[in-house]
Amino acid sequence: GVVIGLMLLGLLISFAYQFVTITGEKQLRVTEQIISAVSPQHWIDGKILGLSAFATLSTLTYVLSILIFIAISDSFGVDLSIPPGVSSPGTVLALICLGALGYLFWNTFFAALAATINDPNTSAKGSLIFVTLIATIGAALFALTNPDSLISQILTFFPATAPGALACRLVLTDVPGWQILAAFLLLLGGIWLMRIVAGKIFHLGILMYGKEPSFREILRWNREA
């Protein structure tokens with residue numbers, strides 16, 4: 001719950017920065033000059049990494065607050081210690097890496113989405129932030145109900161649902177090593193693929209004005225590219 005919650009908190013913070021900065025640059029006349037000197041893929045990569053790192057630092061302030069709260073609670077005799085089964089170094093490391101990769105995956109999605117928006121204050125595409133919440137929390141709820149079910153195992157292998165499903169399964173049951181490895185590899189592949197898609201969309205979307213492209217047009221951009 002802590003890992004998933006921090007991941008979603010970081011995404012909510014970075015979501016706002018992605019939309020403000022990328023859509024703001026679309027309205028600047030200097031954008032045409034920059035894109036003639038910098039590869040669109042390099043530009044969007046810098047956006048994703050830079051804004052993700054900035055939002056991560058903001059999220060770490062909440063982590064520090066949680067640690068202070070736990071320390072104060074312990075001084076008053078309130079036990080908030082992590083259960084022994086969860087506090088093993090391997091499980092903790094896997095959960096942290098899973099949350100970080102899920103965070104990066106969704107941030108690449110947000111960057112691609114922001115490149116198609118002219119004004120974040122009026123666009124209806126901003127509501128797609130709920131896709132993140134539904135995919136992650138929904139997968140976690142399935143895994144909490146029955147971590148060994150076929151649905152929970154299938155959700156483990158999808159990059160969009162792996163952070164929620166696999167995180168719960170790692171805590172509640174013994175996940176086969178090959179499933180953990182496959183889930184991480186597929187998540188890394190999803191990040192790489194989403195990065196390429198974001199670069200293609202950014203290449204065309206950053207210079208577009210007027211009507212926002214539909215999702216059908218965005219799919220056609222990627223096929224033609």
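Q: Where in the chain is confidence lowest, and where is it highest?

A: Confidence is expressed as pLDDT, the predictor's score for each residue, from 0 to 100. In this predicted model, helix 2 (residues 31–37) has the lowest mean, 63, and helix 6 (residues 150–156) has the highest, 89. The chain averages a pLDDT of 78, and 74% of the residues score at least 70. Because the model is predicted, local features need pLDDT of at least 70 and side-chain atom pairs count only at pLDDT 80 or more, while totals for chains, interfaces and linings use all residues. Residues are numbered from 1 along each chain as its sequence is written, and side-chain values use heavy atoms, with hydrogens and water left out.

Q: How many helices and strands does the chain have?

A: Helices (H or I, at least four residues) and strands (E, at least two) are DSSP runs, numbered from the N terminus. The chain contains nine helices and zero strands, so its pattern along the sequence reads α-α-α-α-α-α-α-α-α.

Q: What share of the contacts joins residues 24 or more positions apart?

A: A contact places heavy atoms within 4.5 Å of each other. Among contacts in the chain with a separation of 6 or more, 77% are between residues 24 or more positions apart.

Q: What percentage of the residues is buried?

A: Residues are classed by relative accessible area: buried is under 20%, exposed is over 50%, and partly exposed lies in between (1.4 Å probe, protein chains only). Of the 225 residues in the chain, 43% are buried. Helix 7 is mostly covered, with nine of its eleven residues buried; among them are Pro163, Leu166 and Arg169. Thr56, which is placed in helix 3 (residues 40–75), counts as partly exposed because its relative accessibility is 29%.

Q: Which residues touch the most other members of the largest nonpolar core?

A: In soluble globular proteins, nonpolar side chains tend to be buried together. A nonpolar core is a set of buried Ala, Val, Leu, Ile, Met, Phe, Trp, Tyr and Cys residues joined through side-chain atoms within 4.5 Å. The largest one here has 42 residues, and Leu11, Ile22, Ile44 and Leu166 touch the most other members. At least two residues of this core come from each of helix 1 (2–26), helix 3, helix 4 (89–114), helix 5 (129–145), helix 7 (162–172) and helix 8 (177–205). Helix 4 gives the most, with twelve residues.

Q: Which residues form the nonpolar patch on the surface?

A: A patch of this kind joins Val, Leu, Ile, Met, Phe, Trp or Tyr side chains within 5 Å, from residues with over 30% relative accessible area and no salt bridge. Here the patch consists of Ile137, Leu141, Leu144, Val171 and Leu172, with about 430 Å² of accessible area together. Helix 5 and helix 7 each supply at least two of its residues, and helix 5 has the largest share, three. Leu172, in helix 7, counts as partly exposed because its relative accessibility is 44%.

Q: How many salt bridges does the structure hold, and which side chains meet?

A: Side chains of opposite charge can pair when their charged atoms come close. A salt bridge is a side-chain nitrogen of Lys or Arg within 4 Å of a carboxyl oxygen of Asp or Glu. The structure holds one, between the side chains of Arg195 and Asp45 (2.9 Å, N to O). The pair links distant parts of the chain, since Arg195 in helix 8 and Asp45 in helix 3 are 150 residues apart. Both Arg195 and Asp45 are buried.

Conventions. Patches are made of residues with over 30% relative accessible area and no salt bridge: like charges are joined within 9 Å, nonpolar side chains (Val, Leu, Ile, Met, Phe, Trp, Tyr) within 5 Å. Accessible areas come from the Shrake-Rupley method with a 1.4 Å probe; for residues, only the protein chains shown count as cover.
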